[in-house]
Amino acid sequence: MTRSAEVQRRIYALMVLMKAADDRLSKGIGTGEFICVYWPSRGQEAIAAAMGISLRRDDQLVTTYRGLHDLIGKGVPLEEIYGEMMGRTLGASRGKGGTMHIANPEAGVMLSTGIVGAGPPVGVGLAMAAKRKGLDRVTVVSFGVGATTTGSFHEAANMAALWDLPVVFVCQNNLYAEMTPTRDTMKLEHVADRAAGYGMPGVRVDGNDPLAVATALDEALNKARHGDGPTFVECVTFRFRGHYFGDRMRYIPKDQLDSALAADPVPRFRAHLLDTGVATDEELTRVEAVAAQQVETALQTVMSADAPSIDELDRDVYATPIRFPV
Amino acid sequence: MDSKEMTMREALNLALDQALEKDERVFLLGEDIADPGASGPTAGLSTKYGHDRVMDTPISEAAIVGAAIGAAIDGLLPVAEIMIMDFIGIAADQIINNAAKLRFMTAGRTTAPITVRTQVYGGLATGATHSQTLEAWFMHIPGMKVIVPSTPRDGKGLLTSAIFDEDPCLFVETIRLQGQKGPVPTDPDFAIPLGQADVKRPGTDVTLICYGRSVHDALAAAATLQDEHAVSAEVVDLRTLVPLDVDTMVSSVRRTRRAVVVHDAVRFAGPGAEIVATLQAELFGELEAPVERVGARFVPTPAAAALEAQVYPSPARVVQAAQRTLQSAKAGIHG
């Protein structure tokens, strides 16, 4: 499927924003400018940008702790993300959830999970609700390859297929489950092959090519939207900064990292836009400058915001506060 | 209020039936809960409301609760069933890390007001993996409410409250109580607020604090204490462990100055530990005797009936514990 120049530029703008947001965190944490815990998404931008243009606003997303790019793609304001990561009142949850637990239902981000494999069952329930309400909304559950080795994923995939639920399982296969190579965690060569076991289609795409990902997503979304059940989409990619920020990545062979960096989806898509005449170098340079500025503004806004007040500890534990023996 | 004699099973069925009837958002999901396979409190409901609203699921406890959470985030009121409480470990991550914490972690932007119904199978010689009484696990999780009814009336009233409560609720049923009968209000609006203990029998000499099946041991013990020992025991049924009705519990013991906590959960680190700690903090100096605890022995539940009978509390054990509180050194000094 060919995408309009406008859509392709939007994809690039999203990718650049995701990259800039990650780069700025890396710089800030690395230099001691600020402190926050972070599971970097750098390298996986093509997948999230494709979701960004393929999902409707009312489509829902369940993502994970490695969710910066997914959240940006789905339209969560950067201030809410950074604010949550840095424990400020501007955060999506006023700093009460933290990096791993960001939700913004207005943007369709219903859940971010810190437990590997915990998201798919919840995605199934969101899809059940859509079906029950007669909505043509789709729930995308995004996760890494590690999630697919959990029982929780297996239960959810089986249920989604059994009931033809409007779910798309997006596996961002960055070739590692935390610090262990994928090949050491499963007998199958391709994660997408798992789908056959559930009676759902499994497709495998180059996760560094946003257009390929968007094409696969559109087909899966369309199918789900029309009552034809779930699809498993494996997007093969890489994460450049390891499992968590500060990961020394001793377990990643140098040549593997080098070739992954050489296939960095952001410059690659930039080159594609130039080669195909979709945009000029000047235009793209401007997009990059805008993204960097946007990130910096968000960061400074967050840094000048307050930490949450102590009384937040008594709020939101229960709908109405309960008195406990002290 | 019109009331009808029925079993606990029928009372719970009526609560589910009326909830399904009055609110489209309510639906049930679980293993073998739809007809013709259903034999517990959900029997007949799929025939009445359809398999869309009373859904049989695969054997997938994590996904049953996880799917309930997803549907609840989206505004529905799911009632998930974990057939036997011992299976709840498989769903524990969803309960503990998603349902209980969402409201806090998202500052109220998402919530999961699910009800998880489950059943304790103890006492049926089903062995160690089909007998456990595990409510203490979930009392330990901020965000969860924990409910354990003892009578058909309480079962209906509390389940109705749980289904429509804004917080996730664990509703613990007991297989040995499902057939017990009692009067039950039939009004669909009948509900018992969560967090209100009930004095099941008034008394003046010692307070028996209990919930769920142990309420019946306590009531039997109270009758024996009265008839054979001229001791007046007050029976306080907590009904919900979270919220815990500290006021009712403490005001009873303030009067009687002696207490025995009874539960089917193992005694060591059981719910009674928290209750006793609360009582001593509130009533230190007013107590005539150390608070006694009667709970299951700290062993995996044995299968052989002869052994299993030794594990759980019994009216006789409650009587003995109550007598110890009446014979303690301090009580002796006071005459």
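**Pockets, chain interface and enclosed strands**

In the predicted model, the residues lining the largest pocket divide into 15 nonpolar, two polar and one charged, where Ala, Val, Leu, Ile, Met, Phe, Trp, Tyr, Cys and Pro count as nonpolar, Asp, Glu, Lys and Arg as charged, and the others, Gly among them, as polar. This lining comprises 18 residues, of which A:Phe324, B:Met139, B:His140, B:Val242 and B:Glu274 lie nearest the centre of the pocket. Two or more residues each are given to the lining by helix H6 (135-139), strand E12 (240-242) and helix H10 (271-283) of chain B, and the largest share, three residues, comes from H10(B). The volume of the largest pocket is about 360 Å³. A pocket is an open set of points on a 1 Å grid where a 1.4 Å probe fits, with protein on both sides within 12 Å along at least five of seven lines, and lining residues have an atom within 4 Å of a point; a volume is the space filled by probe spheres set on the points, which are joined across faces, edges and corners. Helices (H or I, at least four residues) and strands (E, at least two) are DSSP runs, numbered from the N terminus.

Residues are numbered from 1 along each chain as its sequence is written, and chains are lettered from A and ligands numbered from 1 in the order in which they are written. For this predicted model, local features need pLDDT of at least 70, side-chain atom pairs count only at pLDDT 80 or more, and totals for chains, interfaces and linings use all residues, while side-chain values use heavy atoms, with hydrogens and water left out.

The second largest pocket has a volume of about 290 Å³ and is lined by 20 residues, with B:Gln132, B:Thr133, B:Leu134, B:Ala265 and B:Val266 nearest its centre. Here the elements that contribute two or more residues are H6 and strand E13 (259-266) of chain B, with E13(B) providing the largest share, three residues. By class, this lining holds 13 nonpolar, five polar and two charged residues.

Between the chains, 48 residues of chain B are in contact with 45 residues of chain A, contact being heavy atoms within 4.5 Å. The two chains bury about 3600 Å² between them, 64% of it on carbon and sulfur atoms; this is the accessible area (1.4 Å probe) lost on putting the two parts together, summed over both. On the chain B side, B:Asp74, B:Phe104 and B:Arg109 lose the most area to chain A, together accounting for 21% of what that side buries.

Strand E2 (residues 26-30) of chain B is mostly covered, five of its five residues being buried, that is, under 20% relative accessible area with a 1.4 Å probe and protein chains only. From E2(B), B:Val26, B:Leu28 and B:Gly30 point one way, whereas B:Phe27 and B:Leu29 point the other way. E2(B) pairs (at least two DSSP bridges) in the parallel sense with strand E4 (residues 77-82) of chain B over five bridges, and B:Gly30 has B:Glu81 in E4(B) as its bridge partner. Strand E3 (residues 54-56) of chain B also runs parallel to E2(B), to which three bridges join it, and in E3(B) B:Met55 is the bridge partner of B:Leu29.

Strand E7 (residues 169-174) of chain B is largely enclosed by the rest of the structure, because six of its six residues are buried. Six bridges pair E7(B) in the parallel sense with strand E5 (residues 115-120) of chain B, and B:Gln119 stands opposite B:Glu173.

Technical notes: Buried means under 20% relative accessible area, exposed over 50%, partly exposed in between (1.4 Å probe, protein chains only).
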